[in-house]
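Subject: The two-chain model, handed over

Hi,

Here is the structure I promised to pass on to you. Have a look around in the viewer first, then read my notes below.

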Amino acid sequence: MNEIYEYHGYDFSGYSHASFKRRIDRLYQLDGFKNFPDFLSRIRMDGDYFNRMVEEITVNVTEMFRDPLFYKVLRTEILPVLATKPFLRIWHAGCSTGEEVYSMAILLREANLLHKSLMYATDLNPSVLDTARKGVFPIRMMKQYSENYIASGGKNDFSQYYTAHYGFAKFPEELSAKMVFSQHNLVSDRSFNEFDLILCRNVLIYFDKDLQDKALTLFDDSLARLGYLALGTKETLKFSDLQKKYEQHNRDKIWKKIKE
Amino acid sequence: MEKDKRINGCKLLILGGSAGSLEVLIKILPHLTVLPGYAMVIVLHRKGSEDNTLEELIAIKTTVPVVEVEDKTPLMPGHIYVAPSDYHLLFENNDTLSLDTSEKVNYSRPSIDVCFESAADVYGHSLVAILLSGANADGTNGLISVKKAGGTVIIQEPGSAEVSFMPGNALDNMKPDYVADVKGILELILSINTD
């Protein structure tokens, strides 16, 4: 498969083999291919189909306030520390359709920090970024999100944050005005700013060990001293050399950079 | 079914189940003291949440060490691993575990099918897969993959299962190596790698 990825400028060779194979098998079956060479040549020759493959291979399952206890820790323990800074830069790496970015904007607003914050949200996949920019999510998800929000320590009526419109919930400009969305590939792109908080949750699980190390180094290069790195519930710095420069916040998946 | 009742050459044993399967595990686990040459993975349908009660419950029922599964956790013989809630559990070629948050399969994440299929790819004939009680069709396709890859398949005898649908569905769709009640399953597990 390597030649195909190089052909299109994407390199998937550092992806976790097990997950990648599963996504490929799924797409192959979903699109009713009869043999593998047909599948490969379609990917190679048909640019639109290649884009479809990239979208289907990358996992875009996300939700607002996913893992509410994580957000509770951000709300009650991390943001109050960051609040002393004059300006806050936050990077959501692998933001997918943006649910976590809007969750963060709500936290910042409730902590009265939104006015001095900027959230950079990046993903490999341009089509999910279009969704994220709009701030429009299916209304059927709002009951779950509202429960997550309350479990995260939210005190307001969650429905005040959106307006319902034809099966969709639209989140206001006030929140999205503080977001910058852009395409960024953790595999091949470099650091582009210095941040106080980097969130990359359930993205590294799709990478093999080497690529994980590479992405973690990129985060390390992009993180201010005493800045925080937040990973997914089952992700860890434990298997990385970087862990000696970081201090884990209790048993949470949040690490503070204590050494340059 | 009365063939050799010993299972050898096993590197990985996976127990999959849903409703009614925890009771089976609670009966089996206290009898296990060592897992000679193989790792055990338990994949149960569980509520999508952040709690570790299942891991804790399993850990108090056995003296075999239970390892918390995180991404890229190495799989070591003699240890028990529990699939975390809200992730699919997959196996890499280098004896590490990886996790995946993609779509639910059979309304489930972790899905037993996903776990069995991934393990079959990597472990082939050195995999033993056991499907227990449950109310869902998850597990059947996975067992078919395990069998195709040369692994050993054990299905809980539906009459002995608290909820017979899951093992029954598997039996309707594939031919396992063994069908056994709880006692029989325990004997098979105790026979693993004892030759």
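Below is what I found, going from whole chains down to single residues.

Before anything else, keep in mind that this is a predicted model.

Let's start with chain A. It is divided into two domains: domain 1 covers 2-57 and domain 2 covers 68-257. If you take the centres of the two over their C-alpha atoms, 28 Å separate them. Where the domains touch, domain 1 of chain A puts in 8 residues and domain 2 of chain A puts in 10 residues. On the domain 1 side, the elements giving two or more residues are α2 (17-30) and α4 (47-57) of chain A. What kinds of residues sit on that side? There are 2 nonpolar, 4 polar and 2 charged ones.

To see how they line up, find A:A164, which stands opposite A:A169 in β5(A).

Now chain B. It contains 6 helices and 9 strands. Along its principal axes, the C-alpha trace spans about 40 × 30 × 30 Å. Is the chain compact or extended? A compact globule of 195 residues would have a radius of gyration near 16 Å, and chain B has 15 Å, so the value agrees with a compact globule. Buried residues account for 50% of the 195 residues in chain B. As for contacts in chain B between residues at least 6 apart in sequence, 71% of them join residues at least 24 apart.

How do the chains meet? 18 residues of chain B are in contact with 18 residues of chain A. On the chain B side, β5 (88-91) and β6 (97-100) each supply at least two residues. The biggest giver there is β6(B), with 3 residues. By class, that side of chain B has 6 nonpolar, 5 polar and 7 charged residues.

- A:S96 is not a glycine, yet its phi is positive, near 55 degrees. Look for A:S96 in the loop between β1 (88-93) and α6 (99-110) of chain A. With 24 other C-beta atoms within 10 Å, A:S96 is buried, because 20 or more is the cut-off for that.
- B:N106 is also not a glycine and has a positive phi, about 50 degrees. B:N106 lies in the loop between β6 and α3 of chain B. Its 19 C-beta neighbours inside 10 Å make B:N106 partly exposed.
- B:R109 and B:P110 are joined by a cis peptide bond, with omega at about 10 degrees. B:P110 sits in the loop between β6 and α3 (112-123) of chain B.

Enjoy exploring!

Conventions:
Residues are numbered from 1 along each chain as its sequence is written. Chains are lettered from A and ligands numbered from 1 in the order in which they are written. This is a predicted model: local features need pLDDT of at least 70, side-chain atom pairs count only at pLDDT 80 or more; totals for chains, interfaces and linings use all residues. Domain bounds come from an automatic or database domain assignment. Two residues are in contact if their C-beta atoms, placed from the backbone, lie within 7 Å. Helices (H or I, at least four residues) and strands (E, at least two) are DSSP runs, numbered from the N terminus. Ala, Val, Leu, Ile, Met, Phe, Trp, Tyr, Cys and Pro count as nonpolar, Asp, Glu, Lys and Arg as charged, and the others, Gly among them, as polar. The radius of gyration is taken over C-alpha atoms; the globule rule is 2.2 Å times the number of residues to the power 0.38. A residue is buried if 20 or more other C-beta atoms lie within 10 Å of its own, exposed if 12 or fewer, and partly exposed in between; C-beta atoms are placed from the backbone. Two strands pair if DSSP finds at least two bridges between them.
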